[in-house]
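Look over the structure below before reading on.

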Amino acid sequence: MTPRTSSARALTESGMTVGIAVILSLIGIYVPLLSTVALLVWPVPIAFLGVRHGMRWSSLAVAAAMIILMMTVGPVLATGIGLLFGSMGIALGEGYRRRWGAGRLMLVTMVVFLLGFAAQFFLSLYVMGVNIFELYQQT
């Protein structure tokens, strides 16, 4: 395959992946019965793209999905979904691409998820002035 054909295929698959990720996000946000399943499946297309075309294309797909979600559901929710589930999909894709074992793949994915959660917490605390833990205690 020529590099031009390869990049065209990667671009096409990235576009489809972005569409699937946005639809899964919207289902996860607006359909209560399917929200857990949709958000747990969200990293799968990103990981699939990462396995086939590398971390660069999966990172670009997450960024594009976040931009589209920012226009539809707002920047706070889009950033949270992108940080948590997008980073998890990128880590899964890169781990499968490098043929990591199951234990290492699970450990790296958990660490990436926790780092994404911490980043989301600090962004909400410093940018918006909202402490998530205080909100949980009030409810």
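Where does Arg99 lie? Arg99 lies in the loop between helix 5 and helix 6. Helices here are DSSP runs (H or I, at least four residues), numbered from the N terminus. This is a predicted model, in which local features need pLDDT of at least 70, side-chain atom pairs count only at pLDDT 80 or more, and totals for chains, interfaces and linings use all residues. Residues are numbered from 1 along each chain as its sequence is written, and side-chain values use heavy atoms, with hydrogens and water left out.

**Backbone points**

- Arg99 has a positive phi, near 60°, and is a residue other than glycine.
- Arg99 is exposed, with a relative accessible area of 75%. The classes are buried (under 20% relative accessible area), exposed (over 50%) and partly exposed (in between), with a 1.4 Å probe and protein chains only.
- Gly54 also takes a positive phi, about 105°.

**Nonpolar core**

- The largest nonpolar core has 23 residues. Such a core is a set of buried Ala, Val, Leu, Ile, Met, Phe, Trp, Tyr and Cys residues joined through side-chain atoms within 4.5 Å.
- Trp42, Ile46, Ala65, Leu69, Ile81 and Phe85 have the most contacts inside this core.
- Helix 1 (3-30), helix 2 (35-41), helix 3, helix 4 (55-72) and helix 5 each supply at least two of its residues.
- Trp42 touches Ala21, Leu24, Ser25, Ala65, Ile81, Phe85 and Gly86, not counting residues up to four places away in sequence. Contact means heavy atoms within 4.5 Å.

**Helices 3 and 4**

- Helix 3 spans residues 43-53. Its buried residues are Pro43, Pro45, Ile46, Ala47, Leu49, Gly50 and His53.
- Ser58 is found in helix 4. Ser58 is buried, with a relative accessible area of 0%.
- Ser58 touches Ile46, Leu49, Gly50 and Ile90, again leaving out residues up to four places away in sequence.

**Aromatic pairs**

- The count comes to three aromatic pairs. Rings of Phe, Tyr and Trp (its six-membered ring) pair if their centres lie within 6.5 Å; planes under 30 degrees apart count as stacked, over 60 as edge-to-face and the rest as tilted.
- Phe85 and Phe113 form a tilted pair, 6.4 Å centre to centre with 55° between the planes.
- This pair links distant parts of the chain: Phe85 is in helix 5 and Phe113 in helix 6, 28 residues apart.
- Phe85 counts as buried at 13% relative accessibility. Phe113 is partly exposed, at 28%.
- Phe121 and Phe122 have ring centres 5.3 Å apart and planes at 65°, so the pair is edge-to-face.
- Phe121 is buried at 13% relative accessibility. Phe122 is partly exposed at 43%.
- Ring pairs join Phe121, Phe122 and Tyr126 into a cluster.

**Largest pocket**

- The largest pocket has a volume of about 210 Å³. On a 1 Å grid over the protein atoms alone, a pocket is an open set of points where a 1.4 Å probe fits, with protein on both sides within 12 Å along at least five of seven lines; lining residues have an atom within 4 Å of a point. The volume is the space filled by probe spheres set on the points, which are joined across faces, edges and corners.
- Eleven residues line this pocket. Val76, Gln120, Leu123, Ser124 and Met128 are the closest to its centre.
- Helix 5 (75-97) and helix 6 (102-126) each supply at least two lining residues. Helix 5 gives the most, with four.
- The lining divides into eight nonpolar, three polar and no charged residues. Ala, Val, Leu, Ile, Met, Phe, Trp, Tyr, Cys and Pro count as nonpolar, Asp, Glu, Lys and Arg as charged, and the others, Gly among them, as polar.

- Thr109 is in helix 6. Thr109 is buried, with a relative accessible area of 11%.
- Thr109 touches Met88 and Leu92, not counting residues up to four places away in sequence.
- Arg9 is found in helix 1 and is partly exposed at 39% relative accessible area.
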